[in-house]
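Please find below a note on the model under review.

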Amino acid sequence: MVNNSFQKVIRERRSVRKFLPTPLKEEVIRAVLEDAQFSPSNCNTQPWDVHIVSGAKKDELVKALLDAYEKGNTSLDFTFDEKDFFGEYSRRQKAQGKAYYEALGVAREDYEGRKKAAANNFKMYDAPHVALLFMPSIGDDVRVAADIGMYGQSLLLALTARGIGSVPQTVLGMYADTVREVLGVSNEMKLLFGVSFGYPDKEAPANSLRLGRDPIEESVTFHR
């Protein structure tokens with residue numbers, strides 16, 4: 001039997017790209033994290049190392065990230081290049097980018113507008129909180145990264161269930177050294193991605209974006 005409340009939560013979750021400045025109460029954040037802690041992991045290793053950044057420390061992190069962005073000082077723990085996408089993956093990625101900039105009213109040829117929009121990533125879209133998801137390096141890292149992905153999904157859904165908006169941000173993982181330096185995190189811990197969260201600004205053009213999903217026939221094969 002379908003648990004309609006779960007179906008509602010998973011289908012209502014979306015990436016929010018403009019937040020209200022109102023901070024969450026600590027007990028709310030702790031409740032979300034306690035839910036996410038029940039995520040599955042290989043051999044129950046629970047390899048996630050999560051850093052919640054708010055207030056003055058978040059302001060410090062934003063300043064450092066914007067400086068690194070302006071200087072082009074990237075520092076990735078894991079490779080990423082949009083040019084590696086191909087076929088349907090590339091089509092979906094380009095469609096998302098086009099829809100996002102159209103929602104902002106930024107034309108394709110507007111270089112400065114696009115640069116300004118990109119900088120919003122490092123301001124966490126004005127979210128009052130950000131969770132940085134670090135992990136230990138074990139083997140080829142694939143299994144651990146999968147565990148972090150499952151934790152990330154649990155975190156996103158726990159936020160959504162409480163009416164809290166969020167956005168997973170791969171780009172924050174592209175400045176891992178900057179984040180580690182500001183937060184005092186050991187180089188042994190690798191940054192996979194971040195999740196900015198808070199109450200969504202429902203009037204913001206960026207939050208008018210609604211992306212669909214391809215039918216399951218595009219990604220699922222049934223064997224009988």
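1. Basis. The model is predicted, so local features need pLDDT of at least 70 and side-chain atom pairs count only at pLDDT 80 or more, while totals for chains, interfaces and linings use all residues. Residues are numbered from 1 along each chain as its sequence is written, and side-chain values use heavy atoms, with hydrogens and water left out.

2. Largest nonpolar core. A nonpolar core is a set of buried Ala, Val, Leu, Ile, Met, Phe, Trp, Tyr and Cys residues joined through side-chain atoms within 4.5 Å; buried means under 20% relative accessible area, exposed over 50% and partly exposed in between (1.4 Å probe, protein chains only). The largest such core has 32 residues, and those touching the most other members are Leu-61, Leu-65, Met-124, Leu-132, Leu-172, Tyr-175 and Val-179. Two or more residues each come from α3 (55–71), α5 (111–119), β2 (129–136), α7 (176–183) and β4 (189–198). The greatest contribution, five residues, is that of α3. Helices (H or I, at least four residues) and strands (E, at least two) are DSSP runs numbered from the N terminus.

3. Second core. A separate core of 19 residues has among its members Ala-36, Trp-48, Val-144 and Ala-158.

4. Helix α7. Six of the eight residues of α7 are buried: Ala-176, Thr-178, Val-179, Arg-180, Val-182 and Leu-183. Their cover includes β1, α3, β2 and β4. Gly-184 follows α7 and has a positive phi, near 70°.

5. Ser-41. This residue sits in the loop between α2 (26–36) and β1 (49–54). Ser-41 is classed as buried because its relative accessibility is 15%. A polar atom of its side chain lies 2.9 Å from the backbone nitrogen of Gln-46.

6. Thr-79. The loop between α3 and α4 (87–104) holds Thr-79, which counts as exposed because its relative accessibility is 81%.

7. Second largest pocket. A pocket is an open set of points on a 1 Å grid over the protein atoms alone, where a 1.4 Å probe fits, with protein on both sides within 12 Å along at least five of seven lines; lining residues have an atom within 4 Å of a point. The second largest pocket holds about 250 Å³ of space. Its lining has four nonpolar, four polar and four charged residues, including Glu-12, Arg-13, Tyr-199 and Lys-202.

Methods:
Grid points are joined across faces, edges and corners, and a volume is the space filled by probe spheres set on the points. Ala, Val, Leu, Ile, Met, Phe, Trp, Tyr, Cys and Pro count as nonpolar, Asp, Glu, Lys and Arg as charged, and the others, Gly among them, as polar. A polar contact is a pair of N or O atoms within 3.5 Å; within protein, one must be able to donate a hydrogen and the other to accept it, and residues adjacent in sequence count only if both atoms are side-chain atoms. Contact means heavy atoms within 4.5 Å.
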